[in-house]
Each structure stands twice: as C-alpha cells, then as structure tokens.
Amino acid sequence: MVNKVKSKGKYDIIVAGGGVAGCAAAVEAARAGKRVVLFEKTVQLGGLATIGLINLFVPMCNGRGVQIIKGMAEEFLRLSIKYGFDTIPSDWKDGEPGLYNTNQRYVTRYSAPIFSLALTELLTELNVDIKFDTVITGADAENGHINGITVYTKSGFEYYEADIIIDASGDADVLHFAGVPTVTGGNYHTYIAFYTNLKECAAALESNDISKLVSQRAGGGANLYGKGHPEGMKLWDGTNSDDINEYLKTNQLELLESIKGEDRTQRDITLLPIMPQFRTTRHIDGDYTMTVEDAYKHFEDSVGAICDFDRKDFLFEISYRTMVKTGFDNIIAAGRVTSGKDYAWDILRVIPPAIITGQAAGAAAALAIDIQKPVYDIDIPALQKKLEDENVIIHFDDSLIPTDITQEEFSDIGHI
Ligand SMILES: Cc1cc2nc3c(=O)[nH]c(=O)nc-3n(C[C@H](O)[C@H](O)[C@H](O)COP(=O)(O)OP(=O)(O)OC[C@H]3O[C@@H](n4cnc5c(N)ncnc54)[C@H](O)[C@@H]3O)c2cc1C
C-alpha cells in the first residue's frame, strides 16, 4: 500500500538498499551521468559485507591463477583494503599469477567498518544522494510500471519518483511491493559476531598484524550447506517479521551463553551484526533462473563471468535475464535478489557476483533511460561493450574448462 504524500523529488534512478550491490549500481549509474538516490534503512553502507560482519571477498579466480571476476568487483576489493588491512595470499599480492602458477585463490578479508566508510566516501564523491535511516515501505506501481516509492524516515513518510528502480534490498522488497513475481528461500541458524580476547590481542601485537586482533564467535553456527543447523529446527524465513524476531532473540541469547564461562576481564564481543545474517530470503523470479547445470555455458546476454567460491574451475556466466521480468518495464534486480536456484543462488549472491550484477544493473538502467526502452528490452551488445570497457569479463575463456571433469559430475554439486 502506498501512502499518498507529496513527492520529495524525481531522480533518474532509485537504488533500493546500500549493500555492495546497491553501492555498485549507484556508482555505475552516477558515473554514467545519472541523478541517483540510494535508500538505506540502516545508517551505514555495505549491507551484509560490512554491517552484517561478512568481511571476506570469496575467491574471484578459477583456483589455478586466473582471475575470472574483475570489473567493479576488483575495484571494490581494492577499496575494501585501501584504508585497512588485507589478507590477500602471497601469490596474488603483486597481481594475477597466471595459469597454473598457483593453487592459492584470490580472496581477502578486510575491516568491515573501514570498507563501509570508504563506500560512503566513494558515493559522496560521485554525488549519489545517500539517504540513510530510510526504509522503503511501498511501491506505487500500475500495469508493470513503478511511478515512485514510499519511504519512512525520521521526518515521516516521503514519496520519491524515478525513471528506473534498482532493487538491491537483499530481500527483493521493491519487487515484492510492485507485484513482480518472487521466490522465497530458507535460512540456516547462523549468527556471527566479532570477538577478541587478550590472547588474540597479544598474537596481533607479536605479529604486528592488526587483522589478527578480531576473530568470530557464533551464536548459531550453521554454514551455508546447513552443517551445524540444530536438528529439528525450522529454516528461518527472512521475509517474516515474527520469524526474524525469533531468529534474533534465539541467536543473541545463544551467543551470550557461549561467552559466559570465560573470564570477563580477558575477552569482549567487539561488534554484533547490525542486520540478520540471512543468506537467501527472496529473489526475483526472473526471465531466466540460473542453475548449476549452467556451468560452462555461454550466454548471449551475459553481463559477467563468475566462478564458484568453493570449487576450482567451476565457471558460469550471468544472464541479464536473471535480473529482469518481462512486463515490468522499469525495475531491475541486483545482488542477492537476482534469479538463481539452489546452489546456483549461492554462487550468484556472494560478494563479488553481487557487485557484478550491481554494476550491470546501473549500466542497464542508464542505457534504458538513454534509449527509452523497457529494461527487459535493452541493447545487450551495447550493455556488454560498456561493461567490457570497464574491465568486466563477459565470457570466460573456453581454454579454462577442465577436460578431465564431465558436465554430469558437476551437475550433482547443486544438490548438497
Ligand atoms: C552468514 C553469511 C555468510 C556469508 N559469507 C560470505 C563470504 O564469506 N563471502 C562472500 O563473498 N559472501 C558471503 N555471504 C554473502 C554475501 O555477504 C551477500 O550475499 C552479499 O553481501 C549481498 O549483497 P547485497 O548488496 O545483494 O545485499 P545486502 O548486503 O543484503 O544489502 C541490502 C541492503 O539493503 C538494505 N535494505 C533492505 N531492505 C530495505 C528497505 N526496505 N529499505 C531500505 N533499505 C533496505 C539493507 O539494510 C542492506 O544494507 C554470506 C552471507 C551470509 C548471510
């Protein structure tokens, strides 16, 4: 439902959510010369990758020395460590080692708060109108077109208009409000805080390495495959307020319980997650849904090649159709709300691919405005050319496909 309030203004592009995908979309659109407003319900940028305390860029390479994910994912990785620590493996310190020159993967940890501040600096320099502490509450949509959105701020309800909306809310809130078909997921029992104790402080001092100062302490400690999920416990639904509250209270009490036995003068919890650490809440039911069977397939409408974070050699291309729904002319999905099934959703939603779809969404939105076309009917070669010019690898190189592993063997990986 949309509250009828006077419009606060018209922008070219509204970005819903200030996670890495939303930030990438806003940066891309602003660089294309568009007027961009970004709404973020918390008070910091970065989403799960900062306030969610998920401070690890998963591998952006094929596991054999070749970088697969570049473009703005590379730019944001470098930004995440520009003012703070990194943990880039030695073989990648001086750039790409090259095929078969290493088995180390290209990953890094970073300071979550410092990355968040660096994102604020970048978006501010690009004149993105950041609206913190602003919750999107509704979409004013008719006949597949969104006229504007309603937000709630300290000043009350406000209404904003734009030509294109990019939903990077992580929960597909705007897509849902606008009546775009969506798919919901379930979430394991995971709640990770930042923790330190004097022993870790001493180790950091001894090694002269601040990255060793803080480690993680779990309430619920389930991993993405469900290992550690308490037997008999339901999956949490991140789109249901009662569920979210039960998840938070249960996990916070578990976390507190886990430290009670320790000497309170020797340890501290340094940061609690500021948003629920749900991996898969809701995504667009896009014109195409990526599956694990898409490994090694080329897509004519690819907006970027990506790799699997857990398995070497496992390569994909993201079809632009995972981000749009025909019939809805001015909304694009970015980040973890793009259309993937089962494990393919996991591959698509992690930080580097989320940035790639954010970048693609920003470029697609700018293009749709320029050529006055629905977002599902834009000039794909023009979009790809723009992304390629920005160092995105659109199609992976076939020479990187391993010859000793069959498609069938890989297809089973999705059913973990
Ligand atoms: C437990 C866990 C472990 C993970 N581990 C890793 C890892 O090691 N490495 C990795 O690369 N990835 C990991 N991921 C995945 C990764 O963190 C996320 O998928 C990625 O950061 C998603 O980015 P996003 O921008 O799409 O969404 P989000 O980070 O969810 O950002 C969405 C933003 O939108 C805002 N928002 C939501 N609703 C509204 C609204 N109605 N109005 C205004 N603002 C709104 C939110 O506050 C948030 O800032 C993990 C995820 C989880 C949960």
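The model is predicted.

Helix α1 spans residues 20–31, and helix α8 spans residues 351–371. The two helices pack at an angle of about 35°. Their axes lie 7 Å apart. The crossing of α1 past α8 is right-handed. On the α1 side, the contact is made by V20, A21, G22, C23, A24, A25, A26, V27, E28 and A29. On the α8 side, the contributing residues include I351, A354, I355, T357 and G358. Also among them are Q359, A361, G362, A363, A365 and A366.

Strands of a sheet pair through backbone hydrogen bonds, either parallel or antiparallel. Here, 3 strands form an open sheet in the order β11-β10-β12. The pairing is antiparallel. Strands β11 (215–221) and β12 (267–271) stand at the edges. Each has a single partner strand, so one side of each is left without a neighbour in the sheet. From one strand to the next, the twist averages 40°. Strand β10 covers residues 190–197 and is joined to β12 by 4 bridges. Within this antiparallel pair, Y195 stands opposite I269 of β12.

Two helices pack on the sheet. Helix α5 (residues 198–207) touches β10 and β11. Its direction makes about 65° with that of β10. Helix α6 (residues 241–259) touches β10, β11 and β12. The direction of α6 makes about 125° with that of β11.

T326 lies in the loop between β15 (315–319) and β16 (331–333). T326 counts as partly exposed because it has 13 C-beta neighbours inside 10 Å. Leaving aside residues up to four places away in sequence, T326 touches D287 and Y376. V392 is 66 residues from T326 along the chain. The C-alpha atoms of T326 and V392 are separated by 25 Å.

Terms used. Residues numbered from 1 in each chain as written. Predicted model: local features only at pLDDT ≥ 70, side-chain atom pairs only at ≥ 80, totals over all residues. Axes fitted to C-alpha atoms, helices over the stretch in contact; angles between N-to-C directions. Left-handed = near helix turned anticlockwise from the far one by under 90°. Contact = placed C-beta atoms within 7 Å. Pairing = 2+ DSSP bridges. Buried ≥ 20, exposed ≤ 12 C-beta atoms within 10 Å, placed from the backbone.
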